[in-house]
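Student: Could you take me through one part of this structure at close range, and then show me how that part sits in the rest? I would like one connected account.

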Amino acid sequence: MVEAHQLEKRFGDFVAVDKVDFTIARGESFGFLGPNGAGKTSTMRMISCISPISGGTLRVLGQDPVTDGPAIRARMGLVPQEDSLDLDLTVLDNLMIYGRYFDMPRKLIRQRADQLLEFAQLTDRAHDRVDPLSGGMKRRLTIARALISDPDLLILDEPTTGLDPQARHLLWDRLYRLKLQGVTLVITTHYMDEAEQLCDRLVVMDKGRFAAEGSPRQLIEEHATKEVVELRFQPGQHEALAEKLADLVDRHEVLPDRILLYTDDGDAALAEVHGRGLSPQSTLVRRSTLEDVFLRLTGRTLVD
Amino acid sequence: MSTTDVTATLFEHGEVVPARRMATPMWLRAAGYWGYQYKRTWKSSIATSFLIPILYLAAMGIALGSLIDKHSHGVGGVSYLAYLAPGLLAGTSMQIGTNDMMYPVLGAIKWMRTYLAMLAGPLSVYDVLIGHLAWVATRIAIVVSIYLAVMAAFGTIFSFWAILALPVAVLTGMAFGAPMAAFAATLDKDSGFSTLYRFVIIPLFLFSGIFFPISQLPLVLQVVAYISPLFHGVSLCRDLTLGTVHPWPDLGHAAYLCLWVGVGYAVGRHTFAKRLVV
């Protein structure tokens with residue numbers, strides 16, 4: 001569906017995307033993970049044929065974005081980072097208007113709108129103005145709108161940023177259903193749990209490059225240990241204490257608020273910590289997540 | 001990868017898809033959005049774009065006009081009302097063209113992001129621009145048509161040439177609208193709009209020969225009036241409704257209006273692309 005080779009995006013001297021290669025297959029759910037400013041959105045905007053590429057080659061849906069941008073966009077659904085809904089119009093009108101951009105007959109738009117409103121759980125708000133809707137509802141409407149043309153490829157730029165947990169879970173459920181229906185999804189996110197839930201395959205982006213690529217499970221296996229021990233001490237002591245623990249495990253990480261020990265046997269490592277006479281204020285032994293992969297690869301926590 | 005792969009559809013099979021008619025031009029789809037919007041707001045916009053010039057006509061044309069006509073037998077041989085009405089027609093067009101290309105353009109870029117929604121579909125940035133210009137031209141045409149009918153009712157139309165005042169008034173509006181759209185697409189804040197309105201649009205409205213001949217003005221202001229498109233729109237509309245057509249000067253006025261539309265459009269293509277395609 002998407003093939004990029006040595007893809008580049010520059011703004012003046014600033015390199016936003018630095019010669020990356022990737023392919024996205026039909027029916028796949030592909031994620032771009034990374035902190036803000038990593039180049040995720042720039043990559044997405046190039047895939048969605050909104051932003052011209054600065055170098056390399058890019059094929060989307062078998063066509064060239066430079067010459068066939070409108071034709072590609074006609075087969076694509078785009079959920080931008082910031083909603084572009086018409087706040088003064090009703091929920092249904094927003095779908096009607098959007099369908100008209102694709103030159104769909106009104107009757108067809110209407111039929112699909114009914115199904116999509118059902119899907120987005122907005123049926124009872126169909127005739128309400130968009131403005132007073134909650135963030136989650138607006139986001140679901142934006143997704144419904146992107147689906148009105150029955151796209152082959154759905155692009156979602158940070159679909160759940162800024163939503164409360166309930167709204168996020170509802171959205172994930174809807175996106176998961178789309179995935180089961182065979183829609184190809186391309187997602188950017190800076191939420192690890194989102195990437196783990198939704199992506200078959202993902203790349204971790206940092207400073208315009210790919211730091212790693214694979215399925216969430218593969219990435220965890222390759223770049224993190226089985227388990228992680230989290231230790232929390234008095235603030236300010238972490239650096240000094242970390243040195244005493246360094247030989248205990250293969251790798252450790254000092255965060256502002258805690259120390260992470262990477263090990264295949266968390267309970268044993270924790271017992272050893274206590275055995276050395278250290279008494280952390282709180283401890284946690286857990287399985288590794290993508291967040292640990294991220295820390296490993298970029299050497300820092302995700303910052304917004 | 002083939003583009004003709006069969007993909008699963010999200011929607012129920014057996015959707016009733018009406019037979020394809022000819023594809024709608026892209027720019028027309030963009031214009032369609034603004035038309036859809038207008039259906040919701042036309043009542044309030046009638047007040048500003050239509051009622052106000054009618055009030056002007058009544059107050060200045062009839063009330064003040066009767067005084068002027070009594071003392072100096074009209075302006076250039078016609079009643080003040082007949083002199084004023086075509087000027088107000090052009091002036092109203094200018095105001096609509098300017099207004100509709102100020103906040104709506106910046107809003108469609110920054111606040112409502114309507115343009116961005118259009119660009120997520122198959123429309124290009126030029127379709128977006130042309131569609132918006134086409135809509136505003138249509139809106140001016142609607143207002144101007146009603147206005148010309150009112151002028152006829154007031155007995156201020158003296159010639160069949162007046163039919164051409166419709167396209168000329170639209171041209172006058174777009175001579176402001178097109179450059180305004182090009183300018184609005186470069187802005188980050190809307191604070192420039194009120195300044196522009198107060199110090200450019202209102203003075204032009206007052207000093208471009210709508211209310212009195214520009215020969216009454218000091219030379220400097222005459223030159224300013226001559227450079228702006230409004231004076232040319234006013235003169236041309238007046239010649240057409242009064243039936244005092246002077247072929248060469250009038251063609252000159254029309255050409256000058258076209259020049260402003262053309263330059264505005266050309267610059268707009270550039271500023272829109274620069275703002276929206278990054």
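**A close look at the open sheet and its surroundings**

Tutor: Happy to. In chain A, three strands make an open sheet with the order β2-β1-β4, and their pairing is antiparallel. β2 (14-24) and β4 (55-60) of chain A are the edge strands with a single partner each, so one side of each has no neighbour in the sheet. From one strand to the next, the twist averages 25°. Please keep in mind that this is a predicted model.

Let's look at the pairing itself. Strand β1 (residues 2-11) of chain A is joined to β2(A) by seven bridges in the antiparallel sense. One pair to find on your screen is A:Phe11 with its bridge partner in β2(A), A:Phe14. As background, the strands of a sheet pair through backbone hydrogen bonds, either parallel or antiparallel.

What packs on this sheet? Helix α1 (residues 40-47) of chain A does, touching β1, β2 and β4 of chain A. The direction of this helix makes about 120° with that of β1(A).

In the largest nonpolar core, which has 166 residues, A:Ile155 and B:Ala181 touch the most other members. Domain 1 (2-215) and domain 2 (225-287) of chain A each give at least three residues to this core. In soluble globular proteins, nonpolar side chains tend to be buried together.

Those two domains are the ones given by the domain assignment of chain A. Taken over C-alpha atoms, the centres of domain 1 and domain 2 of chain A are 39 Å apart.

Which strands pair with β12(A)? Strand β10 (residues 227-232) of chain A pairs with β12(A) over five bridges in the antiparallel sense, and here A:Val228 is opposite A:Tyr262. Strand β11 (residues 251-254) of chain A is also antiparallel to β12(A), through four bridges, with A:His252 opposite A:Leu261. Four residues make the hairpin that joins β11(A) to β12(A).

Chain A has eleven helices and 13 strands, whereas chain B has ten helices and zero strands. Along its principal axes, the C-alpha trace spans about 75 × 45 × 35 Å in chain A and about 80 × 40 × 35 Å in chain B. Of the 304 residues in chain A, 46% are buried; of the 278 residues of chain B, 44% are. For contacts in chain A between residues at least 6 apart in sequence, 68% join residues at least 24 apart. The corresponding share in chain B, for residues 24 or more positions apart, is 81%.

How do the chains meet? 35 residues of chain A are in contact with 35 residues of chain B. On the side of chain A that touches chain B, α2 (65-73), α3 (91-101) and α4 (106-119) of chain A each supply at least two residues. The most come from α4(A), with five residues. By type, the residues on this side of chain A are 16 nonpolar, eight polar and eleven charged.

Just after α3(A), A:Asp103 has a positive phi of about 60°.

Definitions and conventions:
Residues numbered from 1 in each chain as written. Chains lettered and ligands numbered in written order. Predicted model: local features only at pLDDT ≥ 70, side-chain atom pairs only at ≥ 80, totals over all residues. Buried ≥ 20, exposed ≤ 12 C-beta atoms within 10 Å, placed from the backbone. Contact = placed C-beta atoms within 7 Å. Nonpolar A, V, L, I, M, F, W, Y, C, P; charged D, E, K, R; others polar. Core = buried A, V, L, I, M, F, W, Y, C linked by C-beta atoms within 7 Å. Domains from an automatic or database assignment. Pairing = 2+ DSSP bridges. Axes fitted to C-alpha atoms, helices over the stretch in contact; angles between N-to-C directions.
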